[in-house]
Amino acid sequence: MYTLLSGLYKYMFQKDEYCILILGLDNAGKTTFLEQSKTRFNRNYKGMSLSKITTTVGLNIGTVDVGKARLMFWDLGGQEELQSLWDKYYADCHGVIYVIDSTDEERLPESKRAFEKMVTSEALDGVPILVLANKQDVETCLSIPDIKTAFSDCISKIGRRDCLTQACSALTGKGVREGIEWMVKCVVRNVHRPPRQRDIT
Ligand SMILES: Nc1nc2c(ncn2[C@@H]2O[C@H](COP(=O)(O)OP(=O)(O)O)[C@@H](O)[C@H]2O)c(=O)[nH]1
Ligand SMILES: [Mg+2]
């Protein structure tokens with residue numbers, strides 16, 4: 001009886017944990033995205049004022065529960081000197097959210113280079129990637145097709161893995177729920193597959 005009840009308790013309340021890295025250049029909106037996600041998904045979370053977020057030195061960690069999945073977000077600093085630390089976290093992660101500032105055309109090539117380096121890293125083989133074209137609330141921003149064109153020579157390097165480009169505004173919350181729900185679907189499905197097969201389908 002105890003086994004049955006504890007099994008039922010675990011089934012009802014225990015969460016499967018997944019580690020998700022939030023990467024992208026500094027100023028792309030990574031920390032704003034993390035705060036917005038916590039506010040949207042965690043009922044009792046009283047978020048900080050999104051307009052008061054300042055540059056991340058080191059990292060921010062945040063947890064978001066979606067159904068039976070618990071996502072542990074690691075928001076890493078995006079300044080050039082901190083990018084070299086990203087790959088220290090690759091081996092332990094189940095998914096990557098890559099944030100692009102759609103209003104910063106000038107730094108798009110720099111963002112593409114960082115993305116390319118990340119996506120070709122062996123430790124991330126088969127790991128799902130959500131690309132967020134952020135700041136879509138700004139009228140003059142680049143569109144999704146513009147960004148896809150700028151990143152076009154990376155596409156072949158993404159390989160056979162789940163990858164979605166999602167229009168988003170971390171500030172207003174547009175596209176945030178859709179992006180996270182997509183990520184949950186991918187990591188849950190991936191974890192139930194043997195690692196060797198992860199990049200086959
Ligand atoms: N208009 C607009 N501004 C944003 C959005 N997301 C972030 N920002 C602003 O961009 C700046 C950098 O955001 P932050 O989250 O600190 O970027 P991080 O360096 O990638 O963590 C801040 O001034 C944010 O208010 C967005 O979706 N729309
Ligand atoms: Mg930050």
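The shell around ligand 1 is made up of six nonpolar, eleven polar and four charged residues in this predicted model. Altogether 21 residues surround the ligand, and the closest of them are Gly29, Lys30, Thr31, Thr32 and Leu171. Among the secondary-structure elements, helix 2, which spans residues 30-41, makes the greatest contribution to this shell, supplying three residues.

Most residues other than glycine have a negative phi. Asn27 counts as partly exposed because 16 C-beta neighbours fall inside 10 Å. A positive phi, in this case of about 70 degrees, is also found at Lys135, again not a glycine, and this residue is placed in the loop between strand 5 (129-134) and helix 5 (144-150). Lys135 is classed as buried, because 25 other C-beta atoms lie within 10 Å and the threshold for burial is 20 or more.

The largest nonpolar core comprises 41 residues, and those with the most contacts inside it are Ile22, Ile97, Tyr98 and Leu132. At least two residues of this core are supplied by each of strand 1, helix 2, strand 3 (69-76), strand 4 (95-101), helix 4 (108-119), strand 5 and helix 7 (176-191), with helix 7 providing the largest share, six residues. When neighbours within four places in sequence are left aside, Ile97 is in contact with Ile20, Ile22, Leu130, Leu132 and Met183.

Helix 7 consists of 16 residues and extends 23 Å from its first C-alpha to its last, a span close to the 22 Å expected at 1.5 Å a residue. Its buried residues are Val176, Gly179, Ile180, Met183, Val184, Cys186, Val187 and Asn190. In an α-helix there are 3.6 residues a turn, so residues three or four places apart point the same way. Met183, one of the buried residues of helix 7, is also among the contacts of Ile97.

Between the C-alpha atoms of Leu4 and Cys186, which are 182 residues apart in sequence, the distance in space is 30 Å. A further exposed position is Ser152, which is assigned to this class because it has 10 C-beta neighbours inside 10 Å. Ser152 is located in the loop between helix 5 and helix 6 (155-158), and its C-alpha atom is separated by 9.4 Å from that of Lys112, 40 residues away along the chain.

With regard to confidence, the chain averages a pLDDT of 88, and 93% of the residues score at least 70. Confidence is lowest in helix 1 (residues 2-13), where the mean is 75, and highest in strand 5, where it reaches 98. Over residues 196-201 the pLDDT is below 50, and in the model this stretch has nine contacts beyond near neighbours in sequence.

Conventions:
Residues numbered from 1 in each chain as written. Chains lettered and ligands numbered in written order. Predicted model: local features only at pLDDT ≥ 70, side-chain atom pairs only at ≥ 80, totals over all residues. Near = placed C-beta within 6 Å. Helix = DSSP H or I, 4+ residues; strand = E, 2+ residues; numbered from the N terminus. Nonpolar A, V, L, I, M, F, W, Y, C, P; charged D, E, K, R; others polar. Buried ≥ 20, exposed ≤ 12 C-beta atoms within 10 Å, placed from the backbone. pLDDT = per-residue confidence, 0-100. Contact = placed C-beta atoms within 7 Å. Core = buried A, V, L, I, M, F, W, Y, C linked by C-beta atoms within 7 Å. Expected span 1.5 Å × (residues − 1).
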